[in-house]
Amino acid sequence: MQIFVNGVYPTTAGGRGGAVVWRARMPFAPVISERHGVVQLVAAASGMGLGSLPGGRWPFLRLMGVLPDKNLLWEAGGTDGTSVLRGEPGAWSALLEPGMAAPPARGAVPSPATPVARIGPVALAAGGAGVIAEATYAAAAGDLSGRSALLMHDGTTLRLMAFAREIVDGTAPGTRVDGVSLGAVDAPTTSLAAVYQTITGGTRPFSTQALLLASDTGTWLLARQSDPLPEPAGVTRVVQFRFPVLAARPDGTVVFAAEVELAGGRRREVLYEVTPGLPNAYRVLLSAGDTFPVATSDGLRTATITRFNSASWRPGIFDRLLVAVDLAGDAQSAVILLGGGAETAVRLEPILDGLEGVLRLRWPATVPSILESSPSLMLPDWRPVPIEPVLAGDSREVRIPIDTPGPRFFRLR
Amino acid sequence: MSLRNWLPGVLCVATLARAATPPVEVVLATGQTPRDAGMARVGELDGGLWDEAGRVLLSGRYRPSPPSPVGRNAIWVWSGPASATELYTDGDSVPYTSGPVVGPVIPISVPRIQPRLGGYRPPANYWAFQSRVATALPLIPENQALWVDHPVGTADPTIFVVNDLEDHVDGAVRFTRPTLSDAIIREVQGDRCRSS
C-alpha cells in the first residue's frame, strides 16, 4: 500500500507555506519524517519546485482519494473555484475544471457550447468511486447561463445529475428556481445521490433547504423546509434538516433527520426513511423520546434519545444503519444499529455477457426471491421479470436479454 | 443500441421485506465498559464508521476519573453483539524508532488521540488515526502524527507518519510543524494484507 498525507505548513516555514502532500517512501519504517528523509514531499500548492499544477499556483491543494482504477484524485482550489485533477503528482490531468464542457441536459454528452464557469464544492461518492461537484454554467452556455448544476464524474463519464431548472417541477407551481447549492451528499452508486441543497430564486426571492434525490433518470424532491410531512401524525412543518444525517441506498430510499414542528408548536427530532414516489412514502425510524435499554455493569438502564448526529448504511450491503445519537442527561450519547434481525439483504451479482447480448443476474439459491424490474427509481413500477430462474450450483440465475433502450433497475423481493 | 450505452443504466438492488419497526442494537453507549478498558466507563461518543469487513470504529472519551478532570480520548472497535473493545487510548505506548534506519523499538507514550476519526479514507482495509505527540522525545519534538494500522495487525506494523521541517534562522535550528489533516491510502498490486 501507499500512504499519502495532506497537511499545511505555516506561511513562515522556510518558504514552504501552504498546503502540501507527502508520501511515505517504501519500505515503511515505524516512524517516518521529512526531516529524516523517509517522507517525501510530493505536491504543494505554492509550487516549492515540484511539478506545477495546471494553470500555475493554486491557493489550495489536497489529495481527495483514489479512483477504482487506482488513479489519485486531487482537489485544487483557485480564484475561479475548484478543479479536480487525476493522476500522479506533476502529471495531472483535469477531471473537472472551470471552463470545461458540460452536458446541456440529462443523459447528454458534454458540449463545448455549454461550459461551466465555476466548480465547487466537491465531494467523494461512496467508496471513492467518483466525485460529485456543484457547478455553475458559464455565460457562454446561453439559456443555461448562471444556472447551477450537480455533476458526477466516475473517472470515465461526466453525468448531469441535477440542475436548478429541473427542480421547478418539485416546488410550488410557477416558482422560478435560480440556483442550488450543495449542502451534504451521500451517493451509494455513481449514478444516484441524495443531496441537501439550498434552493434560491423566484419572482419573489426565496431561499429554502431541500432534500433531493438525483440520478441519471431525474431529480426528485424528497422533503423541503417549511413543508408538512405525513408522519408522525400532527407534523405541521419541517423546521430544519440535520445536515450531517444523510444515508442513501441504491434502491433510492433515503434516511434523513429533521427537526419538525407539531401542532401546538412543540418541536421534535425525527429520523425518517423516505421512498420516492407519488406521493413520497415516509416512515419514522426513530424520534426523540424513544427509549432503548443499555446494559452496564450496574444493570440495565433506559436511554432516551434527544437528537441524531450521524447515520450511515453498512457499505455495499445496506442492511444495517449505524446511528449516533445524543441521550437525555448531561454528556450522554450512544452509537446504535438499526436493522438486522428480521431483515436480511441479499446481493445480486450481475454478469454482462456481451457476446450473447444478455445480462446474467445471480443470487444465492437459498433465497427463494422474486426478481423484479423497473425502468425508473423516481417513479418506480416494479414488475416481476417473466423469466424463470435456473439453478446454477449454489446460485439461482436469470438471463435477461438486452433488448430494450433506457435504464432498468432490478431488485429481489 | 450498444452495450456501452445501456450499461451505465444497470443498477442491481436486492432487498427483502423489512421489519415494520427496526430493532435497536446498542454498539456502545455512555456508562458502558468496553473490553480491555479495565474499570473505565465511556463518557461520550462522537460517532462511528464502518469498515469493509463490517466492523465499526468508534471514537469518544472515557468519563473523567480523579484526579484528572478530563476524560481520556479513545478509539474502540466493534465486530458484533457486546464486542466493543478498546483499541487505543491516550497514554498508550506504541513502537517507535528514529530515522529511516530501522533501529531499536522504543516504547513512547503517545498522544492525545484526536476525538474524531480524522484521516480515514477508502479503502477501508486500513485504519488511519490522527494524534499529537505531546512528549518531547529524542529526535521528535512536540509534533503531530498520523498513523496507520491494519485491522489484522500482523503483517503491517503500526506506522507513524511524523513530519517536521528543520529550519535554520540566525544560526539556530528550529522546527516548523505543519498541520496534518488526513491520510489517503492506496492499495497497490502485491499488497499482502487484506482484512476480509
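Predicted model: local features only at pLDDT ≥ 70, side-chain atom pairs only at ≥ 80, totals over all residues.
Trainee: Which strands does the open sheet of four strands contain?

Mentor: In chain A the order is S26-S27-S31-S30, with antiparallel pairing.

Trainee: Why do strand S26 (349-353) and strand S30 (390-392) of chain A stand at the edges?

Mentor: Each has a single partner strand, so one side of each has no neighbour in the sheet. Neighbouring strands here are turned by 35° against each other on average, direction ignored; axes are lines fitted to C-alpha atoms, for helices over the stretch in contact, and angles run from 0 to 180 degrees between N-to-C directions.

Trainee: How many helices and strands are there in chain A?

Mentor: Zero helices and 32 strands. Both are DSSP runs numbered from the N terminus, helices being H or I with at least four residues and strands E with at least two.

Trainee: How much of the contact count in chain A comes from residues 24 or more positions apart?

Mentor: Among contacts with a separation of 6 or more, 40%. Contact means that the C-beta atoms, placed from the backbone, lie within 7 Å.

Trainee: Why is strand S4 (residues 56-62) of chain B called mostly covered?

Mentor: A residue is buried if 20 or more other C-beta atoms lie within 10 Å of its own, exposed if 12 or fewer, and partly exposed in between, with C-beta atoms placed from the backbone. Seven of the seven residues of S4(B) are buried. For chain A, 43% of the 413 residues count as buried.

Trainee: Which strands does S4(B) pair with?

Mentor: Strand S3 (residues 42-50) of chain B pairs with S4(B) over seven bridges, antiparallel, and one of the links joins B:Leu49 to B:Leu57.

Trainee: What makes A:Ser226 partly exposed?

Mentor: A:Ser226 has 13 C-beta neighbours inside 10 Å, which lies between the two cut-offs, so the in-between label applies. A:Ser226 sits in the loop between S17 and S18 of chain A and has a positive phi of about 80° although it is not a glycine.

Trainee: And why is B:Ala82 partly exposed?

Mentor: B:Ala82 has 13 other C-beta atoms within 10 Å. B:Ala82 lies in the loop between S5 and strand S6 (85-89) of chain B, with phi near 55°, a positive value in a non-glycine residue. Most residues other than glycine have a negative phi, and most peptide bonds are trans.

Trainee: Where is A:Pro232 found, and what is the omega of the bond from A:Glu231?

Mentor: A:Pro232 is in the loop between strand S17 (218-224) and strand S18 (235-248) of chain A, and the A:Glu231 to A:Pro232 bond is cis, with omega near -15°. The bond from A:Gly120 to A:Pro121 is also cis, with omega near 5°; A:Pro121 lies in strand S10 (residues 111-124) of chain A.

Definitions and conventions: Residues numbered from 1 in each chain as written. Chains lettered and ligands numbered in written order. Contact = placed C-beta atoms within 7 Å. Pairing = 2+ DSSP bridges.
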